[in-house]
Amino acid sequence: MKLNKLNSSIIIGLIAIIGILVAQLLWTKEAFTIEEKKFSQKTHIALLEVAKKLYKGTNHELPGKNPVRKISNDYYIVNIDNDFEPEILEFYLISEFKKMNITTDFEYAMYNCQSDEMVYGNYISLSEKTQTKHSIHFPKHKNLIYYFAIRFPNETSYLFSSLKFWFVLFIALIVILLVYVYSIFTLLQQKKYSDLQRDFINNMTHEFKTPLSSILIASNYLSRQNPILEDEKLEKYTHIIIDQSNKLNQHIEKILTIAKSDTAPLVLNKNQLNIQAILESVIENIKLKHPETKIEINTRLQLATIEADEFHFSNLVYNLLDNAIKYCENKPEINIGITKVGKHLRLDFTDNGIGISSKNIPFIFDKFYRVPSQKSNEVNGFGLGLYYVKKICDLHQWKISVKCNPEKGCTFSLLIPQN
């Protein structure tokens with residue numbers, strides 16, 4: 001069901017972005033057409049003003065019919081029906097084009113009725129101070145005697161340059177589409193790897209639990225047999241098998257719990273808890289496993305309560321204490337401080353272990369991460385304990401942090417809001 005929703009969302013997103021790209025392309029085409037019409041209108045107005053000025057001061061009047069004709073997209077002719085000087089024409093053309101904000105290059109030529117050809121042609125670059133010579137050829141037109149022609153050789157590129165915003169927007173949308181496609185591809189790849197990882201963990205733990213259960217049943221049966229009880233060494237080895245099997249079983253259960261929490265969110269059953277009572281209960285259990293450990297609770301508060309899930313909070317404390325004991329080279333000594341900080345309750349777990357280097361602290365809550373050290377190689381584990389602790393803190397909306405102690409070990413701090 002979730003996969004179908006994901007696929008539908010991806011398809012809808014792709015269709016939406018492609019639709020926007022097509023619409024943008026159509027808008028750009030329409031904008032180009034509008035710019036082309038505006039350019040043509042401005043050119044007509046400018047050329048008409050040039051024609052009026054060429055007639056000014058003469059005995060001839062401007063014909064009633066519009067003298068400006070557009071032959072093609074970039075080619076215009078203007079019928080004057082009056083003799084004029086090429087220098088004056090060029091001056092008027094430049095001044096009128098600048099008035100109409102036409103800044104692209106143009107070339108012009110005049111028809112000479114005596115030689116029956118286009119003459120006095122020149123290429124005008126409005127963006128350059130020095131003019132460059134170009135070869136100019138204009139066709140002749142029938143039934144016209146006094147006229148000049150104008151051509152804009154760079155009209156298309158000039159119009160495109162006026163649409164920079166549209167093209168930038170179009171390119172930006174293409175980049176967004178590419179990023180979207182890449183993100184979707186990466187997401188699908190990650191989902192595939194996540195599914196493979198989950199299936200592998202489920203299969204692995206299932207395959208481990210079956211023979212492990214048989215080992216525990218057989219070991220417990222052996223431990224009660226008289227020959228085993230009478231032989232000190234056999235009894236010791238039997239208890240080692242049982243202890244190590246139980247430890248392996250705990251690791252498998254931890255992996256299963258994490259795997260399940262990744263696929264479906266953990267459901268918290270929150271209640272008002274007495275922190276000191278929970279801590280004492282966990283300490284009692286941990287001392288059964290590590291009787292040499294010294295754990296103290298220091299607080300000036302008469303009663304410290306929080307709203308939390310008792311099961312997960314107990315596991316959280318157990319994981320922190322178990323880690324502190326496992327990563328200690330001497331006799332483990334742990335101090336648990338409970339203090340009030342504003343509207344928060346703060347729990348500090350301070351140990352005398354090997355500590356954590358500052359460069360590794362940002363990664364210790366990552367899944368499967370283990371601090372590279374000789375002690376880590378000696379201690380069995382999968383790097384899931386602190387990941388579980390961080391996950392429970394996030395679900396409760398608590399903050400957890402860690403810092404190295406000045407002398408030895410480190411301190412894990414929990415900041416728990418109180419209503």
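Start with helix α7: the face turned away from its buried side carries Glu284 and Leu288, both exposed. Keep in mind that this is a predicted model.

Which residues of α7 are buried? They are Ile275, Ile278, Leu279, Val282, Ile283 and Ile286. They cover an arc of only 130° around the axis, so they sit on the same side of α7. What do they pack against? Their partners include strands β6, β7 and β8, and helix α8. β9 and β10 are also among them.

Now the length. α7 has 15 residues, 275–289. At 1.5 Å a residue, they should span 21 Å. The end C-alpha atoms are 22 Å apart, which agrees. At the start of the helix, a side-chain oxygen of Asn274 comes to within 3.1 Å of the backbone nitrogen of Gln276.

Next, the charges. How many salt bridges does a search of the whole structure find? Nine.

Take Lys52 and Glu49, paired at 3.8 Å, N to O. They are three residues apart in helix α1, so about one helical turn separates them. Lys52 is partly exposed at 41%. Glu49 is partly exposed too, at 28%.

Then Arg346 and Asp348, at 3.0 Å. Is Asp348 buried or exposed? At 16% relative accessibility, Asp348 counts as buried. Arg346 is partly exposed, at 29%.

Last one: Lys53, Glu96 and Lys99 are linked in a salt-bridge network.

Key: Residues are numbered from 1 along each chain as its sequence is written. This is a predicted model: local features need pLDDT of at least 70, side-chain atom pairs count only at pLDDT 80 or more; totals for chains, interfaces and linings use all residues. Side-chain values use heavy atoms; hydrogens and water are left out. Helices (H or I, at least four residues) and strands (E, at least two) are DSSP runs, numbered from the N terminus. The expected span of a helix is 1.5 Å times one less than its number of residues. Buried means under 20% relative accessible area, exposed over 50%, partly exposed in between (1.4 Å probe, protein chains only). The arc is that of the directions from the helix axis to the C-beta atoms. Contact means heavy atoms within 4.5 Å. A polar contact is a pair of N or O atoms within 3.5 Å; within protein, one must be able to donate a hydrogen and the other to accept it, and residues adjacent in sequence count only if both atoms are side-chain atoms. A salt bridge is a side-chain nitrogen of Lys or Arg within 4 Å of a carboxyl oxygen of Asp or Glu.
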